[in-house]
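Dear colleague,

I am handing over the structure below, and my notes on it follow directly after.

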Amino acid sequence: MQIDLSFGVIGWGYWGPKIARNLDSLPQAKVTMVADLDARRLAPLSMKHSGIQTTTQIEDVFRSEVDGVVIATPVRTHYQLAKQALLQGKHVLVEKPLTANVAEAEELVALAQEQRRILMVGHTFEYSPAVNELRKLIQRGELGKIYSIEAERLNLGLFRNDINVIWDLAPHDVSILLYLLGKRPVQVEVQAHAHLQRHIHDIAHLNLGFTDGMTAHIHVSWLHPCKIRRVTVIGDARMAVYDDTNPAEMLKIYNKGADVHADPGVSYRFGEVTIPYIDWIEPLHLECEDFATAIRTSLVHCTYRGDAAKSDLEPLHLSATARCASRGPNKGTLSTSAHNW
Ligand SMILES: NC(=O)c1ccc[n+]([C@@H]2O[C@H](COP(=O)([O-])OP(=O)(O)OC[C@H]3O[C@@H](n4cnc5c(N)ncnc54)[C@H](O)[C@@H]3O)[C@@H](O)[C@H]2O)c1
């Protein structure tokens, strides 16, 4: 098979191998290099795939012939690695969150534009067929006026020690919210708690306000007995629940509601529950395909799907605000007053 795109993957921990598997499954594409500072991580790969060059010298990837570089390392390293890759003329896919602060993210976006290279962020859930189905329902007005959205991303772990739970998990939910709604919040309030590690908050609640009165609430936690990955959308015509942990019924639409002005008293509507058929494709596969297509068609934009570069940064602006807000005295319970844009 003729190969026209080659990739280097930096970071061979939990997520790097999953990205490599998906890149390798794309037609005429191949992962040719893998780099990690830890040689022990690379050892099994070197034995299994002799065709892949492995290295602990990360610069080898930048100096190589690969067209695209994927960065799946701890967040604190993203900025430096992405900057070096762009400066060496590589197209770059960085795992979420793009960087550890907004200033670094803006610098990378400007650099990518200057170098005329793709810079993409791995907001994987925007590629989920269930999220896209929910987005269509909202855009077609089938849920009516949206009052509120609740997003929950809870589990026991994985504990990180370089970032807090907001910076680790909330970028997923912020990106889903902005993608579903196509509008940005004007206000954010955060409450974060550090229970197990000093300085690092493991439970957090974010409240987001929008100009039209819509609200959104994000609950993220590394300290919860159940694995929950759920987004609930409350509309005045229908309500919908996207449950990422339930493959058979990932999206449910409830014909439920209430009318408080009914005569006499309040009238409740308990209608049918619909479970739309979802043609499932692994979101990470679609994300990798999008990266490859962007490189092949030389779409020089800094986002996925042609959005303006700035809107790509909005999840980061929000997460960054939350992160600053949760610094405080570095332990115990923290809360912030509303931050307005
Ligand atoms: N999109 C998603 O759904 C998703 C899921 C999981 C993780 N992620 C993201 O992927 C990234 C990696 O997460 P992970 O869970 O795989 O972490 P991990 O700790 O399992 O793996 C990170 C790897 O990077 C290596 N490393 C550290 N510093 C390095 C450097 N400077 N150069 C090269 N290698 C270095 C480590 O040795 C380790 O092997 C994070 O940004 C995380 O947020 C995204």
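In which sense do strand β7 (residues 146–156) and β10 pair, and over how many bridges? They pair in the parallel sense over seven bridges, where pairing requires that DSSP finds at least two bridges between two strands, and strands (E, at least two residues) and helices (H or I, at least four) are DSSP runs numbered from the N terminus.

This is a predicted model, in which local features need pLDDT of at least 70 and side-chain atom pairs count only at pLDDT 80 or more, while totals for chains, interfaces and linings use all residues. Residues are numbered from 1 along each chain as its sequence is written.

Five residues lie between the strands in the hairpin of β9 and β10, where glycine 213 takes a positive phi near 90°.

The axes of helix α4 (residues 78–87) and helix α5 (residues 102–115), which are lines fitted to C-alpha atoms over the stretch in contact, with angles from 0 to 180 degrees between N-to-C directions, come within 10 Å and cross at roughly 10°. The two helices, α4 and α5, are therefore roughly parallel to each other, a label for angles under 35 degrees.

As for confidence, the protein averages a pLDDT (the predictor's confidence in each residue, from 0 to 100) of 88, and 87% of the residues score at least 70.

Best regards

How values were computed
Parallel < 35°, antiparallel > 145°, perpendicular 65-115°, else oblique.
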